[in-house]
Protein chains: 2
Amino acid sequence: MAEVIFPRLALVGIGLIGASIALAARRAGVVGEIVVTTRRPETLRRAEELCLGDRYVSTAAEAVADADCVIVSVPVGACGAVAAEIGPRLKSGAIVSDVGSVKASVVRAMQPHLPGTVSFVPGHPIAGTEYSGPDAGFAALFDNRWCVLTPAPEVDPEAVTLMVAFWRALGANVETMSAEHHDLVLAITSHLPHLIAYNIVGTAAELEGGIRSEVLKFSASGFRDFTRIAASDPVMWRDIFLNNKDAVLEMLGRFNEDLATLTRAIRNGDGDTLLDLFTRTRAIRRSIVALGQDTAAADFGRNDHAAAETKRAQEETPAD
Amino acid sequence: MAEVIFPRLALVGIGLIGASIALAARRAGVVGEIVVTTRRPETLRRAEELCLGDRYVSTAAEAVADADCVIVSVPVGACGAVAAEIGPRLKSGAIVSDVGSVKASVVRAMQPHLPGTVSFVPGHPIAGTEYSGPDAGFAALFDNRWCVLTPAPEVDPEAVTLMVAFWRALGANVETMSAEHHDLVLAITSHLPHLIAYNIVGTAAELEGGIRSEVLKFSASGFRDFTRIAASDPVMWRDIFLNNKDAVLEMLGRFNEDLATLTRAIRNGDGDTLLDLFTRTRAIRRSIVALGQDTAAADFGRNDHAAAETKRAQEETPAD
């Protein structure tokens, strides 16, 4: 049995991430009691049916009483209000963390409400699926995924050490950086891809009727992968774009410049420019597979044959 | 044993698609002899090592002699030259087909070289992976995928019927439409998504060193799915964009208009516009899963736990 890191863990919000934290923490044996709270009564009931915690309470203020660690897993736009509610009720020495996909604005929203006697260690586990709600949670969600922590320089190093140990116990690899740097990296790796996926699926939805129905039918050729990304939780993603505006607009600007170049190459029939880009992007994919951040399975969402075929497919020979 | 549809099938080009046709046709038992040819000697040798055909010849002209059906599976830009080479050697009554992702320009390139005694039934199996070359082929590639045929109105209906039967035997669902309509539908479902994926991966590759290495590290959040798409065969995709220029530029124009609206919403902090779009796109994803064109597995490329968790994840409850 692993050592208990937090005798009492309070989870404020129990969607995909909160539920997965509960299941992974229990799997690892690193928490004593898990107290669960969430805004909607029906979600709290569902969490109880799924046995995600040990106690279920209806307010965040009640949940955090005597908790050694509080993890706020709500949409980024709701973090400030939660901090205001729990601030006066936090135990001295408690650690407060969150899981928001944006960090600088969450720090700005939460920090002023937290007393000086607690340690604030903001976090972002880079893991998820296109599903949401407590039923979507599973214990292996964080396995071999990154969790980024963005504590301010003055935060008690002991608290940071505990949060690093906690996330490692949940299966994640942990990295520490500033909130601002996190937001810039995530703008290009996550926020811009989601924005583009939402946009292209939206463009397709606006097509004239005859073509629109065929878009769904013949989606298995690129579009389908975009729809999976564009099926992510709408409220969560609205809040991300509103709260990481500057970094997203910066990356969007670069994206648009590059797209203008590509558009011009197509218009002018400039095959060399296209071939050069397409060859470089293929190499990047190989780096990601080599880094273990994805499998090489050529499955495109089809799991049946993928595993068996991967090995063959990897021994690539040049195409004709 | 199924009935033989083509006593002799000639495959010109033996990459991912050509190899998969060979394996699927053999699996279905609908061809007699399979003759394979391809431009590069080392690829032809590899095809022979993989036992993809019954005979291996070094020129397309030689391969098509006495063939009942010839399927040209080469990059779209090379189809015209192949047609010029095989035209004079085709057996009277033979069927000529292809697998190109663009149809109108392929018809323009190939048709003039084909004698009036053969039937030209252009085709496009909407299936693939990001791998290429004969090693990447597998017999199940076309199972439950669409294959679009675009025969001209004057083509012998008997030839179309045989090609429909052939692709059905290979596991595909078959649909017939005009080459022009095909190119418009594919521009939005396939060509634009690929262009955007290539572009965003390219934008990331151009970032300053410090951020660029972290892009690979933290790719598991949207970007990774784009890199998979952007790892597709560079020559094939160069040819697609050069040969479906008008439809791609048309869809790109719509995409840019929508992206401008979305950018403005982010800049102005207009959460309602964002939430409205994100809610609509989620519904589109559900339609695609319902149509059987993808699984609901929340795997994002991770096959290990996906199957077991899918059922739970599907019983979605509202997020907090």
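Visitor: At what angle do helix H12 of chain A and helix H7 of chain B pack?
Guide: The helices in question span residues 271-290 in chain A and residues 179-205 in chain B; helices are DSSP runs of H or I with at least four residues, strands are E runs of at least two, and both are numbered from the N terminus. Their axes, lines fitted to C-alpha atoms over the stretch in contact, lie 9 Å apart. On a scale from 0 to 180 degrees between N-to-C directions, the packing angle is about 75°.

Visitor: Before we go on, what pLDDT do local features need in this predicted model?
Guide: Residues are numbered from 1 along each chain as its sequence is written, chains are lettered from A and ligands numbered from 1 in the order written, and side-chain values use heavy atoms, with hydrogens and water left out. This is a predicted model in which totals for chains, interfaces and linings use all residues, side-chain atom pairs count only at pLDDT 80 or more, and local features need pLDDT of at least 70.

Visitor: Thanks! How are H12(A) and H7(B) placed to each other, and why?
Guide: Their angle is about 75°. Under 35 degrees counts as roughly parallel, over 145 as roughly antiparallel, 65 to 115 as roughly perpendicular and the rest as oblique. The pair is therefore roughly perpendicular.

Visitor: How many nonpolar, polar and charged residues does the contact of H12(A) with H7(B) have?
Guide: A:Leu277, A:Phe278, A:Thr281 and A:Ile284 meet B:Tyr198, B:Val201, B:Gly202 and B:Ala205, where contact means heavy atoms within 4.5 Å. Ala, Val, Leu, Ile, Met, Phe, Trp, Tyr, Cys and Pro count as nonpolar, Asp, Glu, Lys and Arg as charged, and the others, Gly among them, as polar. The contact comes to 6 nonpolar, 2 polar and no charged residues.

Visitor: Is H7(A) roughly parallel or roughly antiparallel to H7(B)?
Guide: Helix H7 of chain A, residues 179-205, packs on H7(B) at about 160°, with the axes 11 Å apart. That angle makes the pair roughly antiparallel.

Visitor: How do the residues of the contact of H7(A) with H7(B) divide?
Guide: From H7(A) come A:Ile188, A:Leu192, A:Pro193, A:Ile196, A:Ile200, A:Thr203 and A:Ala204. They meet B:Ile188, B:Leu192, B:Pro193, B:Ile196, B:Ile200, B:Thr203 and B:Ala204 in H7(B). By class, the division is 12 nonpolar, 2 polar and no charged.

Visitor: How many charged residues are in the contact of H7(A) with H11(B)?
Guide: H11 of chain B covers residues 245-267, and its axis comes within 9 Å of that of H7(A), crossing at roughly 130°, which makes the pair oblique. Residues including A:Leu195 and A:Asn199 meet partners among which are B:Arg254 and B:Asp258. The contact divides into 7 nonpolar and 3 polar residues, and the number of charged ones is 2.

Visitor: Which residue forms a salt bridge with A:Arg285?
Guide: A salt bridge is a side-chain nitrogen of Lys or Arg within 4 Å of a carboxyl oxygen of Asp or Glu, and here the closest N and O atoms are 3.9 Å apart. The pair crosses between chains, from helix H12 of chain A to the loop between strand S7 (123-125) and strand S8 (146-149) of chain B. A:Arg285 is buried, meaning under 20% relative accessible area, with exposed over 50% and partly exposed in between (1.4 Å probe, protein chains only). Its partner, also buried, is B:Glu130.

Visitor: How many salt bridges does a search of the whole structure find?
Guide: One joins A:Asp239 and A:Arg238 at 3.1 Å, N to O, and A:Asp239 counts as buried because its relative accessibility is 5%. A:Arg8, A:Glu33 and A:Arg55 are linked in a network. Over all chains, the search finds 34.

Visitor: What is the phi of B:Asn144?
Guide: Most residues other than glycine have a negative phi. B:Asn144, in the loop between S7 and S8 of chain B, is partly exposed at 41% relative accessible area. Its phi is positive, near 65°.
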